[in-house]
Amino acid sequence: MRQCKGWSVVVLLVLLALGALAQKLPTRDEGLFQMQIRDKSLFHDSSVIPDGAEISGYLFRDTPKRYYFVVEEDNTPLSVTVTPCDAPLEWKLTLQELPEEASGEGSGEPEPLDQQKQQVTVDEGTELFTYKGNDVESYVATSTPSGLYQLELLSTEKDSNFKVYATTTPESDQPYPELPYDPRVDVTALGRTTITLAWKPTPTGSLMGQPVQYCVVINKEHNFKSMCAAEAKISADDAFMLAPKPGRDFSPFDFAHFGFVPSDIGFGKDRGLTSNKISRAYTAKPRVSDIQKVCIGNKNIFTVSDLKPDTQYYFDVFAVNSATNTSTAYVGTFARTKEEARQKTVELKDGKVSDVFIKRKGSKFLRFAPVSSHQRVTLFVHTCLDAVQVQVRRDGKLLLSQNVEGVRQFQLRGKPKAKYLIRLRGSRKGASTLKVLATTRPSSKQPFPSLPEDTRIKAFDKLRTCSSVTVAWLGTQDRNKYCIYRKEVADNYGEEQRRREQNQCAGPETRRKSEKVLCKYFHSPNLQKAVTTETITGLEPGKTYLLDVYVVGHSGHSVKYQSKLVKTRKYC
């Protein structure tokens, strides 16, 4: 607390000094901005954000960093965007309360420092916005008061990079390339060592005439939410690739260069390393980086080559403004290359979710062999895009054969030492991705949340108003967390368009914070009464909205109910 108050005093003294010198904090006046930046006496322990330019920064773990900027006039629009790179961030935006003498034009000689301190009112400021996570998040306001704004950032997990963009003209500024109406990256061709990707072009380049190029990132671990997150991973891999061989004396500087905290480093009497963690990293043979970035100009079709057969890869596409170097992420995808020779059967582990990719009209075989006797087997099939055909045989006997779209849960009768063969057949429309879970464990220990037989969302037409709709959905006997999201769509938004644009496996973490309505826990011992209702308010008259309900399991896996289109009344 004492440190925060000290910061407020410093900031207010800075502003008082600026007022006395008839100066302001950085604005779009480039000459004034450069003059202020060079004045180290004013900004020796703080940072300033220029209006309309993206800046990069670095955070040490558990060490907050503060940035400042001034809104010069009342009723000014404001937009602040923070992009985490290496790790989740905590950040908050506050408006500092200033003494009346500190505003306006300064004149005359500056007052003595002691007199200035007496005029300063130590204040934490008014908190405007807070966020914690690794999403690219923005604070947007159409009208803000003039004053000094403070942006404080903190990384509690590890040292981290980040980017910040602030502007007082968000309507005219277009710092980040705009995504097309369908922002997905599609897999159009699949081979043993090649995968072809395609995506819709950004309107920023075609309609607005701004210089835009595309960069593709390929890796084997996960998708990235921003370009700087991918670049941070690339930089970390490069550091390990440049590590020297063992057999020489290491200094603390060597370890700091490769990202190790000096306190974690142990030195023995020998020339070798005494820390197992460090030793493993340095004794490994040089390896090729598991992540690659390729910038391809303005083409929106790209074939990735030199891949390993039967290996799952994650692909991300970023639209990059060549003039400003700002970027926007498309919705990434993942795919598995074809197997080398004959298709092998994938072994399912009890209670573990497996990601499965099936090419167009292709098939995939899964095998489940419980290690202990069991009375029943629960099979979850969660299709991400198109429907798939599911066949299950127990010791050669056909138990079920159904087409599955969305999420389905099957209860199979068990048998001692039985083995189950699951055949998945892809859609004729295109490649399919899905998640599969087979388990003999009780429902309370399953990664997926329990689901009712009917996962539709019911809308009550008689309860519709010009600004609200009332919906209901079924629950189960297990206590689960339900989150509901809304999204305004065009009036001609149809069922086919909804299916084409949405990945059913994407969880609530992929949604915008502004689309979230609420989250709540719900269950009922009586299945006949396991139904909950919710009235969604704050809607616009005559508008169409897409509603989604996510049920989140105890281990974090989420399943989305069937989306529901609703429309508010135009006249009330």
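Select Cys 519 to begin: it is partly exposed, at 28% relative accessibility (buried is under 20% relative accessible area, exposed over 50%, partly exposed in between, with a 1.4 Å probe and protein chains only). Cys 483 belongs to strand 29 (residues 480-489) and Cys 519 to strand 30 (residues 516-522), so the link ties together parts 36 residues apart in sequence. Strands here are DSSP runs (E, at least two residues), numbered from the N terminus.

A word on the model: it is predicted, local features need pLDDT of at least 70, side-chain atom pairs count only at pLDDT 80 or more, and totals for chains, interfaces and linings use all residues. Residues are numbered from 1 along each chain as its sequence is written, and side-chain values use heavy atoms, leaving out hydrogens and water.

Next, select Cys 215 and Cys 295, joined by a disulfide with S to S 2.0 Å. Cys 215 lies in strand 12 (residues 212-219) and Cys 295 in strand 13 (residues 291-295), so this pair connects parts 80 residues apart in sequence. Which of the two is buried? Cys 215 is, at 2%, while Cys 295 is partly exposed at 38%.

Last stop: Cys 466 and Cys 572, with S to S 1.9 Å. Cys 466 is buried at 12%, but Cys 572 is exposed at 74%.

Technical notes:
Disulfide = S-S within 2.5 Å. Helix = DSSP H or I, 4+ residues; strand = E, 2+ residues; numbered from the N terminus.
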